[in-house]
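Colleague: I would like to go through the labels on this model with you. Please set each value against its cut-off.

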Amino acid sequence: LLLHLPASLGLDGLALRRMLRAFSLAPRASFRINGLKAKDRLLQRLMEHGWKMTPVPWQRNGFFVDAAQTGSSLGRSLPHVTGEIYFQESTSMVPAEVLRVAMQSHGPTSMHGEGLRVLDLCA
């Protein structure tokens, strides 16, 4: 799967090195949008409530939280409580993207024609 990392994220050369360097920095609060539960205009509603966000470059539904409403707890925010968003470190968003691209490229088999095996060590 590591062979798919640069292509699956659309990064190469300097951009890839920057992403890998970013993995060593202190994590920033980040979240993913739950496409099954998110209501219309979610990002606009968050901005109206004082959230400032930056897209996570390697995850189309991922965002860094640069600022939120003063005094608010992100984990108690209405979008989090209702399941529209869930908080996840941006580095944890990478494996799902790489696997998605690998599955699109090769289906459920590896490059060598063997069944694709995935070991989930997240528990």
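Modeller: Start with accessibility: buried means under 20% relative accessible area, exposed means over 50%, and partly exposed lies in between (1.4 Å probe, protein chains only). Note that this is a predicted model: local features need pLDDT of at least 70, side-chain atom pairs count only at pLDDT 80 or more, and totals for chains, interfaces and linings use all residues. Residues are numbered from 1 along each chain as its sequence is written, and side-chain values use heavy atoms, with hydrogens and water left out.

Colleague: Why is Arg 41 called partly exposed?

Modeller: Its relative accessible area is 48%. Exposed needs over 50% and buried needs under 20%, so Arg 41 is partly exposed. Arg 41 lies in the loop between S1 and H3. Helices (H or I, at least four residues) and strands (E, at least two) are DSSP runs, numbered from the N terminus. Arg 41 also has a positive phi of about 60°, although it is not a glycine.

Colleague: What makes Ser 77 count as buried?

Modeller: Ser 77 has 12% relative accessibility, so it counts as buried. The residue is found in the loop between S3 and H4. Leaving aside neighbours within four places in sequence, Ser 77 is in contact (heavy atoms within 4.5 Å) with Trp 51, Ile 85 and Phe 87.

Colleague: How do you know that Asp 66 forms a salt bridge with Arg 28?

Modeller: A salt bridge is a side-chain nitrogen of Lys or Arg within 4 Å of a carboxyl oxygen of Asp or Glu. For Asp 66 and Arg 28, the closest N and O atoms are 2.7 Å apart. That is within 4 Å, so the pair qualifies. The pair links distant parts of the chain, 38 residues apart: Asp 66 is in strand S3 (residues 62–67), and Arg 28 is in the loop between helix H2 (13–22) and strand S1 (30–33). Asp 66 is partly exposed at 40%, and Arg 28 is partly exposed at 41%.

Colleague: What makes you say that the charged end of Arg 28 sits over the ring of Phe 64?

Modeller: The term requires NZ of Lys or CZ of Arg within 6 Å of the ring centre and within 35 degrees of the ring normal. The charged end of Arg 28 is 3.9 Å from the centre of the Phe 64 ring.

Colleague: How many salt bridges does the structure hold?

Modeller: Two. Glu 84 forms one with Arg 45, with the closest N and O atoms 2.7 Å apart. Glu 84 lies in the loop between helix H4 (78–81) and strand S4 (85–87) and Arg 45 in helix H3 (residues 42–48), so the pair ties together parts 39 residues apart in sequence. Glu 84 is buried at 3%, whereas Arg 45 is partly exposed at 23%.

Colleague: Why is the pair of Phe 31 and Trp 51 called edge-to-face?

Modeller: Rings of Phe, Tyr and Trp (its six-membered ring) pair if their centres lie within 6.5 Å; planes under 30 degrees apart count as stacked, over 60 as edge-to-face and the rest as tilted. Phe 31 and Trp 51 are 5.9 Å centre to centre, with 80° between the planes, so the pair is edge-to-face. Both Phe 31 and Trp 51 are buried.

Colleague: What makes the pair of Phe 31 and Phe 63 stacked?

Modeller: The ring centres of Phe 31 and Phe 63 are 5.7 Å apart and their planes are at 25°, so the pair is stacked. Phe 31 lies in strand S1 and Phe 63 in strand S3, so the pair ties together parts 32 residues apart in sequence. Phe 31, Trp 51, Phe 63 and Phe 87 form one aromatic cluster.
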